[in-house]
Amino acid sequence: MNQDRIQGFLQELPQMRQDLPFSPEVLRTLFVQTGGGSLASLEDVGKTLGQDQGLTTRILSLANSAYYGLQAEVQSVPRAAAVLGMAEIRNIVLALGVNGLTRRYPIPEDFDLGEYWTHQFLVAMVAKELSDMTDVGKPDNLFTSGLLHDIGKLITALKRPDDWAAMREKAESDEMTDSEAEEDYWGLDHAVIGALVLRSWDLPATLVEPVNWHHSPDLSPEHSTESNVICLADCVTHAVTDPEGPYLERVEQLCQAVDVDMDDIMEVGEELLDSDDIEQFVNILS
């Protein structure tokens, strides 16, 4: 029965590009304009995003949130891109895109959207720090992958709430991680589900593959070092938020794999957890 359910679910995922709160072409063009080697100007990016006035308004709302701590209010997308950088504008648009899905589908009562976004941002920030510490990947790209790493959980909750609830119950009753419960329940985890959706949004492999393999980085055919970083960032975030959970041993293993001091990265995770910088950003999204 679960195999039939997952097959039907997987067939629906590419169609979710139509559920974005803006045209998929806006996202495609934005990634071309903000990618490496692009000659696009700040005004070009502003023009692309200005095709959707509602999107522009939401971008400026987030850009002016306490998370960024700007000295003065920015009043245009090109100015926001100049102050924050192209990659940050891209992250804001992606966060708004993901969050737009929650306007199209009802969220299960037990799904805490604020907690979800807090975890995404913490993992993203730890991943960016890890990239700087290890010279693995590009910090901005790993931040973006961290921001998106659990989108498969959200999509499952929105599109298959009964299955999501059953897997959560299984994880709790059998003392499994979420990904272990998902694998046991229907043979694949949220990482694969998220990657399928992100590919349908035309996101580049450098962002999607670390999401796809963040629970099994050893199996990644490409981008395995970046997948290790996202996996470690995820485990560090879980370990500092749930010290009694099963994550510390995995953190130790992954620290050896990416050659980083465990005490150093755990300290980074704890400092980020204690910071309230992202609270306003998360509140706007959730």
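Close-up 1. The rings of Trp-117 and Phe-121 form a tilted pair, with centres 6.1 Å apart and planes at 50°. Both residues belong to helix α7, where they are four residues apart and therefore separated by about one helical turn; helices here are DSSP runs (H or I, at least four residues), numbered from the N terminus. Trp-117 is buried at a relative accessible area of 1%, and Phe-121 is buried at 2%, where buried means under 20% relative accessible area, exposed over 50% and partly exposed in between (1.4 Å probe, protein chains only). Phe-121 also pairs edge-to-face with Phe-143, at 6.5 Å centre to centre and 65° between the planes. Because Phe-121 lies in helix α7 and Phe-143 in helix α8 (residues 139-148), this pair ties together parts that are 22 residues apart in sequence. Phe-143 is buried, as is Phe-121. Ring pairs join these residues into a cluster made up of Tyr-67, Tyr-68, Phe-111, Tyr-116, Trp-117, Phe-121, Phe-143, Trp-164 and Phe-281.

Residues are numbered from 1 along each chain as its sequence is written. Because the model is predicted, local features need pLDDT of at least 70 and side-chain atom pairs count only at pLDDT 80 or more, while totals for chains, interfaces and linings use all residues, and side-chain values use heavy atoms, with hydrogens and water left out.

Close-up 2. Arg-5 is partly exposed at 29% relative accessibility, whereas Asp-163 is buried at 2%. Another salt bridge is formed by the side chains of Lys-170 and Asp-184 (2.9 Å, N to O), and here Lys-170 of helix α10 is linked to Asp-184 of helix α11 (residues 178-186), 14 residues apart. Asp-184 counts as partly exposed, with a relative accessibility of 47%. Salt bridges also link Asp-150, Lys-153, Arg-168, Glu-172 and Asp-178 in a network.

Close-up 3. Asp-202 forms a salt bridge with Arg-17, the closest N and O atoms being 3.4 Å apart. Arg-17 lies in the loop between α1 and α2 (24-34) and Asp-202 in the loop between α12 (190-200) and α13 (205-212), so the pair ties together parts that are 185 residues apart in sequence. Arg-17 is buried, with a relative accessible area of 17%, while Asp-202 is partly exposed at 31%. Most residues other than glycine have a negative phi. Asp-202, although not a glycine, has a positive phi of about 65°.

Close-up 4. The negative patch consists of Glu-129, Asp-132, Asp-135, Asp-261, Asp-263, Asp-264, Glu-267, Glu-270, Glu-271 and Asp-274; patch residues have over 30% relative accessible area and no salt bridge, with like charges joined within 9 Å and nonpolar side chains (Val, Leu, Ile, Met, Phe, Trp, Tyr) within 5 Å. Helices α7 (113-134) and α16 (262-274) each supply at least two of the patch residues, and α16 gives the most, with six. Asp-261 lies in the loop between α15 (248-258) and α16 and is partly exposed, with a relative accessible area of 40%. Asp-259 is also found in the loop between α15 and α16, where it is exposed at 68% relative accessible area. The phi of Asp-259 is near 60°, a positive value in a residue other than glycine.

**Close-up 5. Pro-246 in the loop between α14 and α15.** Pro-246 lies in the loop between α14 (224-241) and α15 and is exposed, with a relative accessible area of 59%. The C-alpha atoms of Pro-246 and Cys-235 are separated by 9.2 Å, the two residues being 11 residues apart along the chain.

Technical notes
Accessible areas come from the Shrake-Rupley method with a 1.4 Å probe; for residues, only the protein chains shown count as cover. A salt bridge is a side-chain nitrogen of Lys or Arg within 4 Å of a carboxyl oxygen of Asp or Glu. Lys and Arg count as positive and Asp and Glu as negative; His and the chain ends are not counted. The place of a charge is taken as NZ of Lys, CZ of Arg, CG of Asp or CD of Glu. Rings of Phe, Tyr and Trp (its six-membered ring) pair if their centres lie within 6.5 Å; planes under 30 degrees apart count as stacked, over 60 as edge-to-face and the rest as tilted.
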